[in-house]
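Subject: Structure handover

Hello,

The structure is below, followed by notes on what was found in it.

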Amino acid sequence: MADTNMQLKAIDALVHIHTAIKNAQLHQPVNPTITNSIEMLYLHLVEILKQDAPLVFAELEKKALLREKISNQQEDETIRISALLDILLGLGVKNISFDKDLEKEELHIFINLFAKKPKTVHDEVGLPKLILENETAQ
């Protein structure tokens with residue numbers, strides 16, 4: 001994803017992921033706010049994946065590298081992405097990839113899993129097992 005425009009779209013995708021996760025944490029699962037934020041995320045990801053698939057966010061533990069890439073973005077986006085990194089790292093996630101055959105239901109499962117508190121996930125069965133139980137890949 002060497003193209004600057006695609007990098008900006010990928011950063012926007014991270015912001016949308018954070019928004020969807022936060023909405024899922026704040027509202028009941030059937031709330032339209034959650035459905036709408038996941039729909040927006042899905043449409044954004046599909047647009048990116050039509051141009052460049054897979055979309056991979058790798059080595060998320062290197063926060064400084066990601067912050068450097070978004071230094072041209074607004075401060076609000078930097079804060080959201082930092083908060084998303086904290087959520088993902090708390091769950092032990094170091095990379096995420098989305099492929100062109102992404103389905104909306106898979107995205108709903110992804111968001112709902114990542115909306116759980118890290119302690120809850122680790123106390124239940126751990127994220128890898130939850131992902132396998134929900135039949136999501138990666």
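Asp99, Asp101, Glu103 and Glu105 form a negative surface patch. Patches are built from residues with over 30% relative accessible area and no salt bridge, joining like charges within 9 Å and nonpolar side chains (Val, Leu, Ile, Met, Phe, Trp, Tyr) within 5 Å. Asp and Glu count as negative, Lys and Arg as positive, and His and the chain ends are not counted. A charge is placed at NZ of Lys, CZ of Arg, CG of Asp or CD of Glu. Areas are Shrake-Rupley values with a 1.4 Å probe, and for residues only the protein chains shown count as cover.

This is a predicted model: local features need pLDDT of at least 70, side-chain atom pairs count only at pLDDT 80 or more, and totals for chains, interfaces and linings use all residues. Residues are numbered from 1 along each chain as its sequence is written, and side-chain values use heavy atoms, leaving out hydrogens and water.

Aromatic pairs: the whole structure has two. Phe98 and Phe110 are edge-to-face, 5.5 Å centre to centre with 75 degrees between the planes. That pair links distant parts of the chain, with Phe98 in strand E2 and Phe110 in helix H5, 12 residues apart. Phe110 and Phe114 have ring centres 4.5 Å apart and planes at 40 degrees, so this pair is tilted. The criterion is ring centres of Phe, Tyr and Trp (its six-membered ring) within 6.5 Å; planes under 30 degrees apart are stacked, over 60 edge-to-face, the rest tilted. Phe98, Phe110 and Phe114 form one aromatic cluster. Both Phe98 and Phe110 are buried, and Phe114 is buried too.

Salt bridges (a Lys or Arg side-chain nitrogen within 4 Å of an Asp or Glu carboxyl oxygen): the count is two. Glu47 and Lys9 meet at 3.0 Å, N to O, linking helix H2 (residues 32-51) to helix H1 (residues 4-26) across 38 residues. Lys9 counts as buried because its relative accessibility is 13%, while Glu47 is partly exposed at 37%. Lys104 and Glu39 meet at 2.7 Å, N to O, joining helix H5 and helix H2, 65 residues apart.

Regards

Conventions. Helices (H or I, at least four residues) and strands (E, at least two) are DSSP runs, numbered from the N terminus. Buried means under 20% relative accessible area, exposed over 50%, partly exposed in between (1.4 Å probe, protein chains only).
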